[in-house]
Amino acid sequence: MGKAKQSLKWRFDVNTFRLLGRDLITDRITAVYELVKNCYDANATKVDVSFTDVTKLNESRKIVIADNGTGMSFDDIRDKWMVVGTNSKRTTLYSAPPFNRKFVGEKGIGRFAVDKLGERVEIRTKEKGAKSWLCVKINWDEYEQIATSTLGSSAQQLSLFTEIENHYFYETGKEDEHGTIITISKVAEVWLGNDIDRLYKELSKLVSPFYPITPPFNIWIQSNEVSDFTNRQIKPEPIKYYSHHAEITYDEAENLQETLIFNPLTGVIDKRKISIRKFGPVKIKIFYFNEAAKKRYNAAYKNDDTRIDGIKIYRDGVVTTPFAEYEAHTDKRRDILGIDKRRWRGTFDTIGTREIIGVVDITKEKNPLIVDATNRQDFLANEEYVLLKEFILTQLKAFEDIKTFERSSKRSIVENELIDAGKDIRGFERELEQLATQAETIENPTFNRLVTTLRTRAKETHALITKSISEQKKYQKEVERKEKVLYSLISMQEYASMIAHAVRTSIAKVKHLGEFIKENYPNPKFGKYYSMYAVSIYNEMNTLISVTDFMLSFANIDGSFEEFDVVELITDLLENQYETLFHAEGISFEIDIKDNFIIETNKKAFQDIFQNLVSNSVKALKDTTDKKIKCTGFLDTDKFVIYFSDNGYGIQQEDREWIFGLFNTRTAEQGGAGMGLYIVNTILKSLKGGIEVVENEFKPTGATFMITIPFNK
Amino acid sequence: MSTELVPTKIVVIHDDMDENYPLIVMLRDKYSKEDVSLFKHSKEGLNFVLDNLGKKMVVLLDKNFKDKNDISGLKVFEKIREETALVFVVLISANNIADFSEDELKILVNKDLFKLEKFTNDYTSIIGLIEEAVNSIDMRVDAAIEDWLMANNLSEERPILITETHQYTLKQILHEIRMETSVGRDFVKKVNNLTIELIMRNKEKIQ
């Protein structure tokens with residue numbers, strides 16, 4: 001061994017780099033998200049994220065992220081972008097004026113992000129004034145090949161990451177062009193429509209829905225395969241279906257900050273004015289979803305409640321917390337405001353992050369002391385931040401009071417009194433407990449016996465009250481169930497009276513026809529009427545039979561309510577139950593229902609709606625050659641909308657309302673009794689919905705019905 | 001055919017009847033085809049009545065109409081009464097009387113509904129009610145004046161009522177009575193008094 005001073009250098013191979021990246025970027029959504037954040041930091045006003053041929057692992061698949069930001073110089077690329085662990089972003093906090101953007105991108109994470117997304121990357125970048133575009137090509141797959149091919153050989157150093165050469169070249173460009181275009185090819189994973197949708201949702205949270213960013217930062221998503229994303233600008237989604245909403249602002253000139261407070265007398269949230277707090281003025285918007293609202297929301301978004309995700313803090317319009325890391329599992333998301341933590345402490349009726357969408361808008365100018373912690377995972381835990389957190393939780397308190405208020409007003413007075421009695425008796429028990437402890441020290445058998453008896457009594461009473469509460473709850477449920485049945489009964493009563501009127505009219509007609517024959521037969525003066533009236537009597541009797549049949553079928557409905565999916569019901573009905581009939585009649589049908597909708601009602605009655613519509617359509621299609629039935633549906637803001645169409649002979653303009661009347665039919669010769677649409681209308685009315693004839697979808701002939709069913713409020 | 005000179009118009013407003021309905025057939029047999037008009041929509045029937053206020057009229061009116069655009073029989077009755085008390089209305093309904101609300105009954109009684117009948121009753125009895133209405137109309141002074149004018153070919157131009165400001169021919173007086181003006185009402189009252197006066201003083205005899 002020589003004595004000459006020798007040195008050893010740290011080296012690391014390709015795999016180490018990739019391992020590092022995997023820890024930092026766990027998800028491809030995060031990867032794109034990080035790259036877009038870099039565009040923001042580069043003062044871009046527009047970013048295009050485009051996906052080409054990514055739904056299959058084609059050769060041509062690629063993702064391009066292009067911005068019109070400042071771009072990078074050769075030095076930037078060499079000394080910053082390609083240096084692992086660069087800390088350029090930490091030395092300056094804000095981007096160049098007039099943007100003055102607070103950097104949101106994670107320190108040097110972009111290169112890992114591109115690695116996550118695909119095997120080959122080309123970076124084209126240019127600063128304003130530069131003569132040409134700098135293009136750098138990085139082929140991760142080749143690194144890998146080198147690493148594999150050299151395994152076991154003597155030239156192992158070749159797999160060292162730092163020694164791999166990446167090619168670059170220049171392309172001429174116009175002087176005022178600037179920006180960065182990252183093209184990732186050999187994309188690692190398939191991106192389907194819902195993956196892009198997930199990305200869309202995440203990116204839509206990057207910018208505050210309420211605070212305008214100037215200069216703007218617009219993100220566009222493009223896909224050549226998913227039609228929903230052909231050149232679509234990312235916009236914060238309008239918040240829908242919430243049950244309560246409140247917002248606060250401030251008046252700097254008057255030194256006033258609004259804060260929320262629940263008013264138990266009115267049952268609504270009021271605003272109060274206080275002096276601007278130490279952390280500076282803030283604007284907050286909170287949308288709360290109570291149980292019913294969450295139900296509506298879940299129905300609308302197919303149980304994807306990841307959108308209800310708590311309170312986010314935006315600084316100058318850009319998200320700061322939860323620092324934009326994508327976490328697919330809502331339960332694993334960081335809860336820096338400690339909203340959910342309070343729940344583990346067992347506070348009753350607190351609100352969790354899954355019940356609210358909130359936006360807190362702060363600015364670096366007005367809230368200078370709310371600063372990011374160095375690990376960028378939270379804010380610096382200074383006094384101002386602690387106060388801000390408290391302030392936010394105070395705002396939530398107003399909604400928590402509403403939650404409690406709604407819960408107790410849902411309970412009956414009796415139940416509330418029982419609960420109070422339960423609390424009293426618990427208090428009484430505790431006091432007895434103390435008394436008993438004290439009594440142990442006093443040797444007074446009578447007193448001790450009395451205390452023991454009292455304790456037993458108190459326990460018994462407590463048990464009784466607990467039982468009463470649960471009985472009361474059961475009773476309350478029963479009352480609610482009965483209310484529902486009663487409601488359907490009321491509509492049945494109204495309905496029965498309509499039917500009775502119609503039946504009487506029908507009987508009167510038959511009677512008058514018979515009376516005529518009785519009075520006049522065989523007077524030849526009225527000869528032509530006798531046979532005519534015989535036919536009328538026969539037809540009228542047929543109508544009466546169909547009415548009584550229907551009444552019987554309605555009587556057989558058991559009055560039970562169940563939850564079912566409207567889409568499944570319609571699909572099953574059209575695809576399975578009517579398949580043979582449609583086939584025999586040569587009818588082609590199409591179902592296109594966008595959203596799922598769960599409804600709680602009598603399933604049989606609901607089925608009747610579509611059975612009647614189908615039966616009408618089949619009649620109307622009798623003379624059509626290319627027979628079609630189509631059913632489409634979607635969720636609107638407060639109702640479910642279904643269109644049911646056929647290309648049959650259609651409905652006359654003047655009959656559009658008339659056809660919903662009992663016994664009103666234009667298909668008497670085909671056995672129509674004028675019952676179907678009357679039934680449909682009645683059932684929908686009992687659901688507080690409706691049906692109407694709208695402009696026919698199929699041209700030139702056909703009919704389209706629009707059915708609306710409101711959400712339960 | 002009825003015996004009066006000017007036939008009374010019979011207007012049937014009912015959406016469950018058609019031209020061949022027994023009651024219509026029999027009414028046209030009893031009166032005449034052109035004097036029996038059928039309307040299946042309440043508004044059309046009402047318009048016809050309002051356009052013919054100068055004529056003797058009996059209306060057979062249904063209470064309920066199925067078409068959402070139709071107004072109810074009760075509304076038709078009220079609208080007629082807003083214009084005249086001289087049109088006789090017979091209301092028929094498939095409902096029981098017990099199904100009428102108190103307010104509905106009040107309107108019918110206070111605004112002089114002529115008759116109320118169930119639709120399920122024999123049509124002959126419904127026709128009987130129409131006949132009663134027709135006869136009642138003929139007992140009225142305005143009906144007598146109209147008959148007289150018809151018999152005399154409407155040629156009488158002599159003023160028979162002279163007030164301070166106006167002169168009225170018999171035809172104009174008929175119009176005043178039918179329009180229920182104070183001149184018309186006053187004239188009817190005077191004619192009735194005069195007739196009794198003349199009979200009692202043996203100046204005129206009724207044959």
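## Chain B

In chain B, 68% of the contacts with a separation of 6 or more join residues 24 or more positions apart. Two residues are in contact if their C-beta atoms, placed from the backbone, lie within 7 Å. This is a predicted model: local features need pLDDT of at least 70, side-chain atom pairs count only at pLDDT 80 or more, and totals for chains, interfaces and linings use all residues. Residues are numbered from 1 along each chain as its sequence is written, while chains are lettered from A and ligands numbered from 1 in the order in which they are written.

Chain B has eight helices and seven strands. Helices (H or I, at least four residues) and strands (E, at least two) are DSSP runs, numbered from the N terminus. Chain B has 207 residues, and 33% of them count as buried. A residue is buried if 20 or more other C-beta atoms lie within 10 Å of its own, exposed if 12 or fewer, and partly exposed in between; C-beta atoms are placed from the backbone.

## Confidence in chain A

The average pLDDT of chain A is 81, and 84% of the residues score at least 70. pLDDT is the predictor's confidence in each residue, from 0 to 100. Residues 154-158 of chain A fall below 50. Beyond near neighbours in sequence, that stretch has six contacts in the model. Where pLDDT is low, the predicted coordinates should not be read in detail.

## Nonpolar cores

The largest nonpolar core has 76 residues. Such a core is a set of buried Ala, Val, Leu, Ile, Met, Phe, Trp, Tyr and Cys residues joined through C-beta atoms within 7 Å. Among the members that touch the most others are A:I286, A:I356 and A:F399. Helix 16 (residues 603-620) of chain A gives the most to this core, seven residues. A:I356 touches residues including A:F287, A:I308 and A:I351, leaving out those up to four places away in sequence.

A second, separate core has 44 residues, among them B:L46 and B:F77.

Helix 8 (residues 291-300) of chain A buries A:A293, A:R296, A:Y297, A:A299 and A:A300. They lie on the same side of helix 8 of chain A because they cover an arc of only 165 degrees around the axis. The arc is that of the directions from the helix axis to the C-beta atoms. Strand 19 (598-601) and strand 20 (628-635) of chain A are included in what covers these buried residues.

## Where the chains meet

Chain A brings 19 residues to the contact, and chain B brings 17 residues. Helix 12 of chain A gives the most to the side of chain A that touches chain B, with twelve residues.
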